[in-house]
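Me: I'd like to go through how some of the calls on this one are made. Can you take me through the terms as we go?

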Amino acid sequence: MTCSQMLDYLLKREHVAQIHNFATFETFQHHFLTPEGSRFYFDVFGYDGDLKGSPEGVVEYYEQLSALSGKEIRPLKGMSAFVEALAKSAKSLGAKIYAGGDYKILSINKQANLFVVKTPKHEVKVGKLVIAAPPGSFGNVSGKVAERIQREHAFQSILPRPAFKGAAVYRRAWWEDILNEKDKLYPMERFLSNSDCLGWTLPHSASRVLQGWLVREKWGEILKLPKQVMDGEIHRALEYKFNRKIPKPLSTVYQYWNEGAWYLQKPGSRISMKQVTDWAKRPFPGEQIYVVGSAYHPYRGYSEGAIISANNALNNGWQIPIPRPPQQWQRTHVPKSFAELDWRNIR
Ligand SMILES: Cc1cc2nc3c(=O)[nH]c(=O)nc-3n(C[C@H](O)[C@H](O)[C@H](O)COP(=O)(O)OP(=O)(O)OC[C@H]3O[C@@H](n4cnc5c(N)ncnc54)[C@H](O)[C@@H]3O)c2cc1C
């Protein structure tokens, strides 16, 4: 049985009908796949970060993912292409962009009909407010307006999941030296391992860059140590994983998203991702406040969620029509099961 077939079995209509009896997605999975089956699923799939979420939320999230075709592509120059295109477009329309620590929002209050937004050095008064910060960082913003949003049940129901990512550039692509056909790692092919070492490792296409990511808090802890300790530990873990001596990299970069890289629903929250999206469109009826970002849309952890929720705000606050997806994105074939889905571009 493949992972996707296991998922199809787990999410059978009669199983999902009983989902309210389970506290977490983990207990739901253990019940229907058995603890051993769940362990096997994790070993094959290589990711267990969803297990702590509310079972209803995870099923809703998977349903949202199954609406993707698997034919979606990432920008050729990487995800930053989105941010660059957005900045270019905003500037061409006369917008000014302020970034960096001096412009970090510290508090949001209200004075008469205006929102008062404070950064370390500036204060701005605005009539309409779009909150585009994820729940973790927004949780640190003070002030009456910010705290009112933070107290909302929809806001509190979101469960941030941490993630770690590292990338290394080598003088040459040493993984191409692996001659044994069954051990060979091709560009963009993932090497999974679920023991105590590195989760997913993949070489970039036609380059000397190896990247890896995982959701273990352990790596976030090690990252607090000096950089050379982290470099040494990752090098050791890679040699262990690939079972060979490997050359030292020319440079490395690591990032740990402790406040959340993507988001589920908290167990027991009894509020769906779609309800969070509806709330975010206009948290307080009659107030010009809009909350956007991938954390507030069922495509959590995907740029698509951030874009759709921004479209929702533009539609609600400025009556700008929601754009239709480009023609070539419209689905011709709808997979009937997870086993039919091409996951390669989705995960
Ligand atoms: C490792 C990793 C891999 C990913 N891979 C993919 C992928 O392949 N495909 C895909 O579609 N998506 C991917 N994503 C997800 C994608 O990056 C996010 O969905 C997207 O960036 C979410 O956009 P956002 O605007 O909601 O939040 P963010 O991109 O997090 O932007 C929020 C911004 O708010 C700023 N901010 C926070 N607090 C404050 C404050 N107090 N004052 C001022 N500014 C503040 C932050 O600095 C940040 O710039 C990945 C994410 C990670 C972490």
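Reply: A residue counts as buried if 20 or more other C-beta atoms lie within 10 Å of its own, exposed if 12 or fewer, and partly exposed in between, with C-beta atoms placed from the backbone. This is a predicted model, where local features need pLDDT of at least 70 and side-chain atom pairs count only at pLDDT 80 or more, while totals for chains, interfaces and linings use all residues. Residues are numbered from 1 along each chain as its sequence is written.

Me: Which residues of helix 10 are called buried?

Reply: Ile-234, Ala-237, Leu-238 and Phe-242. Helices (H or I, at least four residues) and strands (E, at least two) are DSSP runs, numbered from the N terminus, and helix 10 has 16 residues, 227-242.

Me: Why are the buried residues of helix 10 said to line one face?

Reply: Down the axis, they fall within an arc of 115°, so they line one face of the helix. The arc is that of the directions from the helix axis to the C-beta atoms. The face turned away from the buried side carries exposed Gln-228, Val-229 and Arg-236.

Me: What do the buried residues of helix 10 pack against?

Reply: Strand 5 (158-169) and strand 9 (251-265); contact means C-beta atoms, placed from the backbone, within 7 Å.

Me: Which elements each supply at least two residues of the shell around the ligand?

Reply: Strand 5, strand 9 and helix 12 (303-318). Helix 12 gives the largest share, three residues.

Key: Expected span 1.5 Å × (residues − 1). Contact = placed C-beta atoms within 7 Å.
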